[in-house]
Amino acid sequence: MSEPAAVLPALTVRTLALDEIGPLVPLLDPRDPLLFVRRGQGVAGFGEAVRLEFTGEDRMREASAAWRELVSLSEVSDAVDLPGTGLIALGSFAFSRDSAATSVLIVPSVIVGRRDGKAWITRIVTTGSDAPDAPVPTPTAFGPEYRISLLPGAMKAEAFTAAVDSAIAAIAAGTVRKVVIARDLVGHLPEGADLRRVLSDLAVGYPDCFTYSVNGFIGSSPETLVRVDHGEVSARVLAGSIGRGSDADSDQDAAVALATSTKDLDEHAFALASVLRVLEPHSNTLMASELPFTLKLPNLWHLASDVEGRLSDGSSSLDLIAALHPTAAVAGAPTGEAMDLIEQLEPFDRGRYAGPVGWVGANGDGEWAVALRCAHVSSTGRITAYAGAGIVVGSEPERELAETKMKFRPIVEAFR
Ligand SMILES: C=C(O[C@H]1C=CC=C(C(=O)O)[C@@H]1O)C(=O)O
């Protein structure tokens with residue numbers, strides 16, 4: 001961790017109700033937006049009161065410990081008391097313990113949020129600061145339009161299908177039962193470009209996904225890694241995909257084909273089992289439906305399972321992401337072997353793609369998505385987008401390539 005616990009500041013945090021504030025995206029900083037929303041509900045952050053950085057194997061466990069410490073030093077008054085009010089941090093964690101990407105928890109100086117028809121503002125200052133109250137953020141007009149094509153990056157289409165062939169060979173040899181192989185697309189953001197344009201496209205086009213932006217990492221994810229809300233724990237596990245049909249009949253046929261595909265049901269079962277195995281020690285009331293359902297997104301159908309239970313041990317959402325990551329939806333099974341194979345077959349660092357992204361509150365509650373359908377935008381404007389596909393017995397390289405094209409659609413179209 002870059003900031004040792006000893007130097008964590010004491011914070012004073014005040015949440016007040018606001019009248020309706022309109023859409024959150026136009027309020028954001030155009031170059032460094034901080035956002036986590038779904039169906040118009042969620043939080044937008046402004047400025048940074050505290051930034052905590054983590055790397056390595058224990059990045060999420062260290063984040064959990066540092067967060068408890070920071071909370072213990074803070075004085076919070078919260079007149080609204082909803083998920084996301086009071087002291088929160090937005091966070092995004094690297095996929096791999098070996099990643100060069102820094103994992104972060106950012107406590108904004110100002111948070112504006114909306115949930116259940118109520119809006120609020122939270123102001124966070126170092127205790128003792130006599131700075132005047134930060135103003136309520138107001139919308140500003142978007143900067144000029146831009147159109148960016150994202151093109152094959154370190155792993156071109158042929159390299160991807162070759163990697164899928166190798167993954168299939170590893171499955172046949174019994175090294176792994178499932179492995180998720182990803183590829184990348186790259187582009188360049190013009191200087192001064194307003195990132196809110198991309199976020200607005202994602203939020204409008206994929207309202208049922210979590211649209212997020214944390215420290216230059218943006219996307220729209222359909223997958224809930226974990227949510228903790230007053231002792232209730234839940235997750236939405238996704239794995240198994242098929243493209244949408246071009247008309248109502250073919251779309252229905254696609255959904256039925258997915259729901260009855262042994263290959264996709266197997267792929268899904270690995271992902272669900274990995275989540276249940278990890279959550280079971282934390283909840284003795286954990287439930288998931290017997291069969292996955294088909295989740296309709298604008299670009300594809302997914303097999304999905306919702307998991308719910310009551311926490312029996314007071315774990316925070318950060319404790320749970322540390323335990324859950326990486327699930328078989330983004331790594332494979334068994335986890336260690338799948339991670340080794342990903343390292344061998346993918347010629348790039350995934351960075352924060354497929355890692356947890358979300359927020360944590362003072363009581364440990366929070367909402368974390370799996371960072372999918374995303375792109376990292378570096379400080380020099382280099383854009384790297386990622387999408388992957390789960391490989392199991394029965395996978396075919398060309399179909400997996402086509403699946404990654406569909407998964408790239410939200411982010412490719414948002415930049416175009
Ligand atoms: C790895 C990705 O998706 C995961 C989540 C849903 C469906 C998946 C699949 O069908 O392969 C993947 O497990 C991605 O979008 O990059």
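Author: The discussion below takes up the cysteines and then the cores. This is a predicted model, in which local features need pLDDT of at least 70 and side-chain atom pairs count only at pLDDT 80 or more, while totals for chains, interfaces and linings use all residues. Residues are numbered from 1 along each chain as its sequence is written, and side-chain values use heavy atoms, leaving out hydrogens and water.

Reader: How many disulfides are there?

Author: A disulfide is a pair of cysteine sulfur atoms within 2.5 Å. By that rule there are zero disulfides here. The sulfur of cysteine 209 lies 12 Å from the closest cysteine sulfur, that of cysteine 374, which is too far for a bond.

Reader: Is cysteine 209 buried or exposed?

Author: Buried means under 20% relative accessible area, exposed over 50%, and partly exposed in between, with a 1.4 Å probe and protein chains only. Cysteine 209 is buried at 3%, and cysteine 374 is buried at 0%.

Reader: Which residues touch the most other members of the largest nonpolar core?

Author: A nonpolar core is a set of buried Ala, Val, Leu, Ile, Met, Phe, Trp, Tyr and Cys residues joined through side-chain atoms within 4.5 Å. The largest has 87 residues, and Trp67, Phe93, Leu105, Val107, Val179 and Ile181 touch the most other members. A second, separate core of 35 residues includes Leu24, Leu189, Ala375 and Ile411.

Reader: What is valine 179 in contact with?

Author: Contact means heavy atoms within 4.5 Å. Beyond its neighbours within four places in sequence, valine 179 is in contact with residues including Ala167, Ala331, Leu341 and Ile391.
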